[in-house]
Amino acid sequence: MMRFFLKFFIVLALVNLLFVSPLWSKDVSTSVQVKTYAPPPPPPPGGGGGGGFIPVSNQVVFNGYAYPYSLITLLKDNEIAARVSAGPDARFSITLSNLTAGNYNFGIYSEDKNGIRSRTLNFVVTVASGVTTAINGIFLPPTITVDKLEVKRGETLNILGQTLPEAEVMVVVNSEREIIKKAQSDKSGIWVYKLDTLETEYGEHKTKARAQKEDNYTEFSEAVSFKVGTRNVYQQAKGPIRGDLNNDSRVNLVDFSILAYWWKKPLSDWAKNNVDAKLKPDGKIDLVDFSILAYYWTG
Amino acid sequence: MKKIIKLLFFISIWFLGFKTEAATLYFRPAQASYGLGQRFILEARLKVEEPEVINAVEVKIHYPNEFLTPVDFSLGDSILTFISEPEINQTKGEINFAGIIPGGYFGPIPGNPSLADILIKIVFQTPGNVILPSNSLNLHIDFDPNSKAYLNDSQGSLAQLQFENATISLNFKEPIKSDDWLSILKNDKTPPADFSPQITSAGGQNYLIFQTEDKESGLDHYELIKSPSPISEFKNLVGEKVTSPYLLTPEILKYHLYLKAVDKAGNERYAEVNPQIKPIKNYFSFYPLCFIIILGLLLFPYFSYFNKTAT
């Protein structure tokens with residue numbers, strides 16, 4: 001009896017070693033620790049001594065307005081460089097220091113209290129040696145969403161979002177004839193416009209908004225779609241982000257790399273379902289897919 | 001006379017009414033003169049005007065391959081994130097590249113000291129010796145009319161694109177000018193920027209993903225260094241040239257991994273990657289264990305009987 005159990009557990013151990021070993025396991029989680037090193041620059045030629053090296057800080061300062069207490073993300077050359085919160089008056093300031101002189105592509109966006117992201121504003125800036133570059137007067141576009149994907153004609157559609165506190169919001173509905181309406185944001189920047197859909201025709205429409213406070217205008221928000229039809233279809237909870245190929249709720253270098261891997265290659269079934277289907281599902285990866293990915297980039 | 005003025009007025013109104021926004025691909029310098037054996041930099045740039053926003057481009061450039069040779073690129077100052085390395089086809093006299101601008105390029109911002117709209121810097125070399133019918137020869141470097149730019153509109157719509165080509169005069173009598181590219185390489189003492197490689201799983205495989213930048217001479221290549229033991233001194237280590245994404249096989253994961261980014265001037269930046277692969281499932285995973293138990297239960301009566309008969 002004892003011999004049997006001995007043999008049995010030897011077999012068990014062998015089978016586990018062969019088939020269940022971590023190296024063969026398909027479902028794995030990974031974590032990466034990264035440290036960076038650069039060899040010191042060579043010493044300056046010639047002798048001499050004395051004096052001190054005064055580091056020159058090339059910096060860029062971003063000043064502007066988002067929404068009260070909203071989270072602002074700053075991208076530097078497509079990667080997240082800073083995240084800050086806006087104050088109660090929606091004001092924010094971000095300083096990036098110790099930049100190498102050269103051209104940088106900065107992007108800035110905000111998320112409102114419901115996690116809806118604004119359009120990204122991009123600035124290509126030349127950072128010069130020993131100079132502080134200030135980018136002032138940034139007014140992030142409002143966030144915008146609609147409460148129904150399809151609204152029964154004659155009923156009300158709520159168009160809502162967040163922007164500067166106590167600002168006037170211009171809401172534009174692209175219909176057969178353009179409809180322009182106004183709303184007012186409250187102290188927390190929340191704004192709602194109740195659209196009487198009798199003013200619109202049946203069919204697909206788009207709406208966008210911009211805010212004005214005193215003499216300052218924001219850029220337009222992104223345009224969101226809705227349909228005026230014969231029934232009400234309510235907006236579901238926030239779905240997956242378009243272009244998020246590895247399902248981490250972000251669109252960044254990882255997704256770009258996955259897409260770049262399949263560029264100009266015949267697509268496997270996996271790539272058709274997990275890459276192409278999340279961008280322009282046409283059975284190929286081309287620049288159109290990259291353009292869509294670039295639009296939804298979060299860093 | 002009044003009729004002509006009226007006519008001109010209406011024509012100008014007509015054209016203004018139908019003015020379409022278009023992005024422009026252009027070169028800088030658009031015109032220049034170089035002697036024999038000269039290296040020079042030609043920048044391909046993108047001009048956009050509000051309200052147009054461009055987020056992807058695919059560009060082909062034609063050059064006279066019998067007189068010019070592209071010897072290098074610098075991508076450090078580019079607004080593009082390149083999909084792959086730019087390709088040179090010297091036989092056809094073509095350069096191809098494609099890249100994206102996440103969030104889109106809106107054009108220059110007021111007050112920026114220089115036009116930061118560079119797509120690529122191409123380093124050309126003129127021939128050391130050539131027989132020309134005259135003292136100088138005009139060489140045309142053109143954008144292919146099928147080059148494309150895409151709007152930042154979530155649909156991948158094509159933007160209207162205009163082209164402004166370059167004319168380079170190859171001149172026997174032109175004295176050799178300073179080599180700008182050599183100066184850039186000599187003066188670049190700054191290593192590429194810090195970077196954080198990431199590991200992601202796709203299609204049941206693990207991939208190493210990495211990218212960094214070098215604002216001066218531009219990035220040249222990456223090397224993956226596999227070491228059986230940890231490395232403490234990071235200088236002049238040599239590894240396998242790799243590109244992102246890089247497939248991580250279980251064999252590679254047994255090593256200590258280091259990525260080296262090297263710029264065109266030879267400056268190095270290292271990043272240490274310690275992938276810690278942890279099985280999510282327990283060591284004794286469920287299905288093989290069930291199989292073993294069932295097998296054991298089936299074999300138990302046989303072994304019991306065998307043991308009894310043996311005794």
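The largest nonpolar core of this predicted model holds 127 residues. Those that touch the most other members are A:Leu259, A:Leu293, B:Ile54, B:Val57, B:Tyr105, B:Leu119 and B:Leu259. Helix α2 of chain A, residues 253-262, gives the most to this core, with seven residues. In soluble globular proteins, nonpolar side chains tend to be buried together.

**Chain A as a whole**

- Chain A contains 19 strands and four helices.
- Chain A has 299 residues, of which 35% count as buried.
- When contacts in chain A between residues at least 6 apart in sequence are considered, 61% join residues at least 24 apart.

**The two domains of chain B**

- Chain B is divided into domain 1, covering 22-185, and domain 2, covering 190-273.
- The C-alpha centres of domain 1 and domain 2 of chain B lie 29 Å apart.
- Domain 1 of chain B provides seven residues to the contact, and domain 2 of chain B provides nine residues.
- On the side of domain 1 of chain B that touches domain 2 of chain B, the elements giving two or more residues are β5 (69-74) and α2 (180-187) of chain B.
- The residues on that side of domain 1 of chain B comprise three nonpolar, two polar and two charged.

Notes: Residues are numbered from 1 along each chain as its sequence is written. Chains are lettered from A and ligands numbered from 1 in the order in which they are written. This is a predicted model: local features need pLDDT of at least 70, side-chain atom pairs count only at pLDDT 80 or more; totals for chains, interfaces and linings use all residues. A residue is buried if 20 or more other C-beta atoms lie within 10 Å of its own, exposed if 12 or fewer, and partly exposed in between; C-beta atoms are placed from the backbone. Two residues are in contact if their C-beta atoms, placed from the backbone, lie within 7 Å. Domain bounds come from an automatic or database domain assignment. Ala, Val, Leu, Ile, Met, Phe, Trp, Tyr, Cys and Pro count as nonpolar, Asp, Glu, Lys and Arg as charged, and the others, Gly among them, as polar. A nonpolar core is a set of buried Ala, Val, Leu, Ile, Met, Phe, Trp, Tyr and Cys residues joined through C-beta atoms within 7 Å.
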